[in-house]
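Q: I have the model open and would like to go through it with you. Could you take my questions one by one?

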Amino acid sequence: MSGGQSNTPTEEELRAMSTEQAMIAGADADDVHVVHRRARFPVPGTKAEKRAERTVAGLFVLAALAGVAFIVAFIVVPYKYKTPSHSQNFRFYTPILGGLLGIMLAALGIGAILWAKWLMPEEELVQERHDEVQPGEPEEQIMTGATLLSGVNDTGLPRRSLLVRTLGLAGGAVATVPLVALVGALLKKPGKILFHTLYRPDSKYPNGIPIVYSDGRRVSPNDIEAGGLATVFPGVPGGVKDASSPTLLIRLRPGQGTLVKARKGQSSWGWEDYLAFSKICTHAGCPASLYEQQTTRLLCPCHQSQFEVLKDAKPVFGPATRSLPKLKLAVEVVDGVQYFVAPQDFQEPIGPGFWERG
Amino acid sequence: MTTTEAPSRRAAKPRTIAGKSALWVDERFRVAGPLRKQLNKVFPDHWSFMMGEIALYSFIILILTGTYLSFFFDASMGDVIYNGSYTPLKGVEMSRAYASTLNISFDVRGGLVIRQIHHWAALMFVAAMLVHMLRIFFTGAFRKPREVNWLIGLTLLVLGVIEGFVGYSLPDDLLSGTGFRIADSIILSIPVIGTWTAFLVFGGPFPGSLIIGRLYIVHVLLIPGILAALIGAHLAIMVRQKHTDFPGPGKTEHTVVGHRLFPKFAAQATGFFFIVFGMLAALGGLAQINPVWLFGPYNPAQVSSGSQPDWYMGLLDGSTRLFPSWEIRLWGHTVPPLFWPTVVLPGILIGLAAAYPFLEARLTKDRARHNLLQRPRDVPVRTSLGAMACTFCAVLFLSGGNDLIAKAFDISLNAMTWGGRIATLVLPPLAYVITYRLCLGLQRHDREVLEHGVETGIIKRLPTGEFIEVHQPLGPVDDHGHGVLSYAGAAVPKRMNRLGKGRLAHLRGFFYPVKEKPEIAEKLAALEEAEHADAEPGTERQVELSD
């Protein structure tokens, strides 16, 4: 069984062979040796063979039936969403389709594998890797190496250094120009954008930017119960959707106001029992939206940074390094009703840190 | 080798339609030789070789289902008032991307099942690649000559993770939007170029109005194109270098033993593809995944607690949660704490994985080509390093869900964080030591069995009154009754019913050996005899445990 081209039978011999013999001759020619091969059922037509064939055929039938059922279900089963007061049959649509699709595909797959395992001949083959250095290989390497080297020599590049250098320049330009064109087109100058929010003072609002709820209603001090909080926004166009402006307006419980240890120069930024902080976590920018009344801590659910409200939202646990920026609060009276306004923007960039933040 | 059909003389010209078409093709393309070589390609058989197949099939399923989804998905961040059939969100302002995802889920017949198959297939794709990579690592299949395929595989894994993250971000729901926000923060955290890069990616400050459209083309063209090309290269190299195989009876460095491509391996591989597809389809139908309609459209002011990314992001989520609040402020510049666990740490992990084959070859001075795999116990240092890396990643992965664990077991969240911080430092070295001892123990047991034989469970009392257990030697013994077989890297039979396994490769029956009827058994015995007479001495079938 040494194989190789030299042992390949002649055309005449091959023509005289059976299909199986010719197949084995072909495998030998490819250095693939059939070391074991015999029919799964050496005595044809036994009960076991018929059972195996019937099982495989049964799986194929199952696949076909599941396919038909899929098509029927696809058309017949209701799929439109209905509110809970109506029939909820649509909820079965996706499970039925997925289940039938799964049965169809898996039955076909299992059938194919059993077919191969049960009905195709047992075989064990050994293929030569030809992984070690083959006769003639060093010669090939030398000749190919010489061809490459000679080609390079023919171009003259090894001795024409001027060409090498200028070609390098040209190649560099060809590679850089598309990069510059793409990156240049995509670039946007950050400028001071990250240092401002929509609370930036505007001459249209002389008392300060109105503070509103997400539906645009203005926020009045009486809206919030003691110990409560609300997410508020600058009442300017686009203010509710702006990613940098969500603000937490917190009303401390009676008596807690005196416990506040404000950051330097920010002790007067609250209004009575109210404090306002940027809602955007200074770690990774998630909204720090969980407030625990008892411990007066704000928790960011993304990476569990915790901020102590009574210390002006200073980070007390987790990966955050900076306090939530504080928003200065003031109140204006319109038609006899008090409303919150922000007389100035946040005095530091809100949200996660970045290189230029300082 | 049996010949069930009588030799039939082949005519010079084929008369059947199949024969005529084959001749027609070969006269034009001359493929008879190369085609037969591929049909006869031999594939070794081991369950662990299926992991890469699962990854490949998942990729095909992703392409199929993804193409379907692209017919309905609108990758736009333009505002629209939802007016589809999911009543709870009727009248809500949302992006077209989110609205079209709802449309796929509720108004396209069968759209939801395809969407969920796509998502499950993505999870499976990354998971199968990772398990495949672990198999390659722990068995030493990355050694010369397969280092390049290791690097390609690693690139595929990293690209697969990125592709998955981008994919589940496209629906623009609250969960994925939060993921985007964190991604933006991660880019911002890179020193010097971070802010500019973030503005380049998002086209301005977060979230802008471009990101979904940009990432859509990245998700459906750019990364899949690269993935397809790299998978092609990965497979082409594998075909060229041929499979690795575990050592065992009849296995040598210079041969591959197994089934050939046509027809058996092709039938089994096709069958396996359909089984993988069937499982994913069943999952897509029966197991809900990413119900974006429950999360609502993205809103920068909102987040839901206990939100979890897809599993492969868990490691980064965990490292971000555990990393201490260390910020560097120098000369008016900031390096945020986010930079270390999300940029530096994955960079180190990927770099170590990429360098590993070369480091190992250099440190062990092993420059030989290897086609036979190693059992993990036989390379304790590598196995222990792998266990160490796995433990490290597992701690980070679990920490990615530490809020859920804290809630489920009523543990303090802060304790979970500190526990995770300590565990990342303490458990990996511990895993190294334990794994190393386990490897040595297993090695010694192998050698003990080779020397003394398999425990039979028979206790014998000697005339002196001494009790001894009778051992069944695995092979010939020397004067002292010690086995002379030496360890050859193959599994050593350790129980009586494992003896002779090498020769019973063709045992019939799944759980129990099938007892053949007398007339069939007779025929089988005759075939066996004929085969043995056929086999020339010195062929690879000879069982060689000793070297």
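Q: How exposed is Lys241(A)?
A: Lys241(A) counts as partly exposed because its relative accessible area is 49%, where partly exposed lies between buried, under 20%, and exposed, over 50% (1.4 Å probe, protein chains only). Keep in mind that this is a predicted model, in which local features need pLDDT of at least 70, side-chain atom pairs count only at pLDDT 80 or more, and totals for chains, interfaces and linings use all residues. Residues are numbered from 1 along each chain as its sequence is written, chains are lettered from A and ligands numbered from 1 in the order in which they are written, and side-chain values use heavy atoms, leaving out hydrogens and water.

Q: Which side chain does Lys241(A) meet in a salt bridge?
A: Lys241(A) meets the side chain of Asp79(B), at 3.1 Å from N to O; a salt bridge here is a side-chain nitrogen of Lys or Arg within 4 Å of a carboxyl oxygen of Asp or Glu. The pair joins two chains, because Lys241(A) lies in the loop between strand S4 (229–234) and strand S5 (247–251) of chain A, whereas Asp79(B) lies in strand S2 (residues 79–81) of chain B. Helices (H or I, at least four residues) and strands (E, at least two) are DSSP runs, numbered from the N terminus.

Q: How much area do chain B and chain A bury between them?
A: About 10,100 Å², with 58% of it on carbon and sulfur atoms; buried area is the accessible area (1.4 Å probe) that two parts lose on being put together, summed over both. In terms of contacts, meaning heavy atoms within 4.5 Å, 121 residues of chain B touch 107 residues of chain A. The predictor gives the complex an ipTM of 0.92 and a pTM of 0.92.

Q: What about confidence in chain B, what does its pLDDT average?
A: The average is 90, and 92% of the residues score at least 70, pLDDT being the predictor's confidence in each residue, from 0 to 100. Over residues 536–547 of chain B, however, the pLDDT is below 50, although this stretch has 18 contacts in the model beyond near neighbours in sequence. Where pLDDT is low, the predicted coordinates should not be read in detail.

Q: Switching to the inside of chain B: are Asp403(B) and Arg321(B) buried or exposed?
A: Asp403(B) is buried, and so is Arg321(B), and their side chains meet in a salt bridge at 2.9 Å, N to O. Asp403(B) lies in helix H15 (residues 402–409) and Arg321(B) in helix H12 (residues 314–322), so the pair ties together parts of chain B that are 82 residues apart in sequence.

Q: And on the surface, which residues form a nonpolar patch?
A: The patch includes Trp418(B), Ile422(B), Leu430(B) and Leu438(B), and its members together have about 790 Å² of accessible area, computed by the Shrake-Rupley method with a 1.4 Å probe, where for residues only the protein chains shown count as cover. Patches are made of residues with over 30% relative accessible area and no salt bridge, with like charges joined within 9 Å and nonpolar side chains (Val, Leu, Ile, Met, Phe, Trp, Tyr) within 5 Å. Leu430(B) lies in helix H16 (residues 413–452) of chain B and is partly exposed, at 44% relative accessibility.
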